Amino acid sequence: NDFTCLLIPSLLPPKRKLSMAALPSGQHIKRCYSMPYIPVGFMPRLIARLYTFSETMLPKKARPERQMWRSGVYALWPQSQTFYLVEEHTGVESMVTITVSCNKNGRRLLGYLSDHFDTLLEEWYPGLTATDLQGSPLVKALVPCPHCLQRALPDGEESIHSFDL
């Protein structure tokens, strides 16, 4: 089937329909990118990039089941129980989180997703690759403590410690 599919991020639903309970069971690997702000147009570009490359991220030519909304994207390869979830979080801190399944393919996806995130920042928003006056990078890659993640309550009331990469 050759057909043209247009992805218009501004026409995506505003909120995700997927609940966290719907993610495949088992442990997950998470990486967070803390930013001073999320630039206008960053998430639409990231979503379009991930949509384009998601079919080639894993070796088998299987098409993932995808769900997209204005601030995130979810892809699942059901035959291998491999997934990724990339979301924007705004509030006190601006953050983009990447969650993948804890298996060989999930670790491969984390590498690809991190590369796409970094490349997008470098190409479109080079000012965010700089450091602040104290010498700290403006965009910080953080890894949440796996023990804290396992103990975390679903409503997020318990604090989760993170480590810099």
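Me: Take the contacts in the protein chain between residues at least 6 apart in sequence. What share join residues at least 24 apart?

Reply: This is a predicted model: local features need pLDDT of at least 70, side-chain atom pairs count only at pLDDT 80 or more, and totals for chains, interfaces and linings use all residues. Numbering runs from 1 along each chain as its sequence is written, and side-chain values use heavy atoms, without hydrogens and water. A contact means heavy atoms within 4.5 Å. Of the contacts in question, the share joining residues at least 24 apart is 57%.

Me: What pattern does the protein chain follow along the sequence?

Reply: Helices (H or I, at least four residues) and strands (E, at least two) are DSSP runs, numbered from the N terminus. The protein chain has three helices and seven strands. Read along the sequence, their pattern is β-α-β-β-β-β-α-β-α-β.

Me: Is Ser 94 buried or exposed?

Reply: Ser 94 lies in strand E5, residues 94–101. Leaving out residues up to four places away in sequence, Ser 94 touches several residues, among them Tyr 33, Pro 36 and His 89. Buried means under 20% relative accessible area, exposed over 50%, and partly exposed in between (1.4 Å probe, protein chains only). Ser 94 has 12% relative accessibility, so it counts as buried.

Me: How many of the 165 residues are buried, as a percentage?

Reply: The buried cut-off is again under 20% relative accessible area. In the protein chain of 165 residues, the buried part is 38%.

Me: The structure holds five aromatic pairs. Which kind do Phe 42 and Phe 117 form?

Reply: Rings of Phe, Tyr and Trp (its six-membered ring) pair if their centres lie within 6.5 Å; planes under 30 degrees apart count as stacked, over 60 as edge-to-face and the rest as tilted. Phe 42 and Phe 117 are 5.3 Å apart, centre to centre, with 75° between the planes. That makes the pair edge-to-face.

Me: How far apart in sequence are the parts that this pair ties together?

Reply: Phe 42 is buried at 0% relative accessibility. Phe 117 is buried too, at 1%. Phe 42 lies in helix H1 (residues 42–53) and Phe 117 in helix H2 (residues 104–124), so the parts tied together are apart in sequence by 75 residues.

Me: Which kind of aromatic pair do Trp 77 and Tyr 84 form?

Reply: Both Trp 77 and Tyr 84 are buried. Their rings lie 6.0 Å apart, centre to centre, with 50° between the planes. The pair is tilted.
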